[in-house]
Number of protein chains: 2
Amino acid sequence: MSGTGREEALRARYGAEAPLDIAWNEVIAGLLAHRTVRAFRPDPLPAGALEALVAAAQSAPSSSNLQTWSVVAVEDEAAKRRLSEVARGQRHVVEAPLVLVWLADLSRLGAIGRDRAQPTDGLAYLEMLMVGVVDAALAAQNATVALESLGLGSVYIGALRNDPEAVAELLGLPPNVLAVFGHCVGWPDPQRPAAVKPRLPQDVVLHRGRYDPSLAQGPIAAYDAAMTAFQAGQRMPEVGWSGAALERVRVPGSLSGRDRLRAILERRGFGLK
Amino acid sequence: MSGTGREEALRARYGAEAPLDIAWNEVIAGLLAHRTVRAFRPDPLPAGALEALVAAAQSAPSSSNLQTWSVVAVEDEAAKRRLSEVARGQRHVVEAPLVLVWLADLSRLGAIGRDRAQPTDGLAYLEMLMVGVVDAALAAQNATVALESLGLGSVYIGALRNDPEAVAELLGLPPNVLAVFGHCVGWPDPQRPAAVKPRLPQDVVLHRGRYDPSLAQGPIAAYDAAMTAFQAGQRMPEVGWSGAALERVRVPGSLSGRDRLRAILERRGFGLK
């Protein structure tokens, strides 16, 4: 397997020193080249692309094969506009030809149980929300790998959780179904190219044998510097990482309304016991 | 792009009729060929494989780039044995040369906040557990794609949530860190090959424009038949899907102890507000 591009890929991904002796092939090169695409050409997806994405998503592992997820494919202009409003006006939600909404779906098993007059009391537990959220995320990530292999790009929209009830009303979601995140999909606009965003040094997230709770300040500072350089190159505010990240969790109001998520889920039928 | 193997891949994945005009390339073929591997050769991973998996994982999207996940790589025999006990004796947890434990990690941001005497009150909300769980799942799935591209195989172990406190003690996890699932990784044993497991018909999980709450009984029955055929081929109990799935959520006791997850998370420092 060729090492072509490995050093450059690692430098882009880590913005600094990186483990340069990693195993390498074309698939891994593709994964490391991931970038968040927020600028799309208006062209529609090629025929068979949506179906390929969903087949890839269904090929991801599912907890006990319960398949507690669904996805809604949104292409209608007015619907995309409404989703964009929930996401505080993010323009790419309208611009992307396709918006997938990935759902943690406990309603399907509930409906099968009702049809057969069998109890499904286990669905009312926080554990089952976790199962649905994990299932949906694994599925979505396989779809992302598939779409990037076709030359398409995408961005996840966690901001749909700013107002899950508005999303549920728009998409006709039954109780016990949560829109975990949206997913804008389309052809990247070559006029507005995206870049690979640096991540934390690998030693910060990879623990060997046991979790190392000591926070290595040196690596965090180095990563702040790498992110500041990245932001400068992208003409973004040069805020680094740690300060901006702390701002996102400073107070309940920093969560853009998502501090209401538990109450909303309870209203939407999730037991969360 | 070649259509070689597309029909066979779709037939294996859906066990029946399938959308046969999906977009196709080598990456999508690889994703559709996923199979859960529970039988491993004892051989260790190749050099640089773990680091490649983690680099791929870090290349997955992360909510607001908060990177609220970590992973522990477990290779020690005694530690794997203890993890296997938590997972009700699943033998592959001991047999696999590497067990990754994927963590929703809110402790890192908490620690940075403490170091800088800045509040992190937003961490105490259910929303942030969701962020950590989604981040960890997206990362893990990229690792799965990477490891399969190297010829390795794997299986996720949700059963670590049977006893998160035992896992936390074993791995030294600080408060506000949850082991979302384990992940056995190794070389598939060719003597005990795994098969592609059929999934629900695509129309059952893919909704166009709006969620369709009507449960199509025909497709569920067809899928039960496909799963029964799969189980027969694998010499597994021929129980189909829907009945077995309902059994997993019948009563709180069906959750293998995971009905205690909320109480455990609260004890482990998660606010869950």
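So, Asp43(A) and Arg41(A) form a salt bridge, with the closest N and O atoms 3.2 Å apart; the rule there is a side-chain nitrogen of Lys or Arg within 4 Å of a carboxyl oxygen of Asp or Glu. Asp43(A) is partly exposed at a relative accessible area of 30%, and Arg41(A) is partly exposed too, at 31%. For the cut-offs, buried is under 20% relative accessible area, exposed is over 50%, and partly exposed sits in between, with a 1.4 Å probe and protein chains only.

Before I go on, this is a predicted model, where local features need pLDDT of at least 70, side-chain atom pairs count only at pLDDT 80 or more, and totals for chains, interfaces and linings use all residues. Residues are numbered from 1 along each chain as its sequence is written, chains are lettered from A and ligands numbered from 1 in the order in which they are written, and side-chain values use heavy atoms, with hydrogens and water left out.

Now take Asp105(A) and Arg108(A): their salt bridge has its closest N and O atoms 3.9 Å apart. Asp105(A) is buried at 1%, and Arg108(A) counts as buried at 4%.

Over all chains, the rule gives 32 salt bridges, and 8 of these are between chain B and chain A. Which residues pair with Glu127(A)? Arg258(B) does, at 3.1 Å between the closest N and O atoms, and so does Arg161(B), at 2.8 Å.

On to the interface itself. Chain B and chain A bury about 10,300 Å² between them, 63% of it on carbon and sulfur atoms; that's the accessible area (1.4 Å probe) the two parts lose on being put together, summed over both. The contact, meaning heavy atoms within 4.5 Å, takes 121 residues from chain B and 122 from chain A.

Last one, helix α6 (residues 107-115) of chain B: 7 of its 9 residues are buried. The cover includes α10 (217-233) of chain A and β2 (98-105) of chain B.

How values were computed: Helix = DSSP H or I, 4+ residues; strand = E, 2+ residues; numbered from the N terminus.
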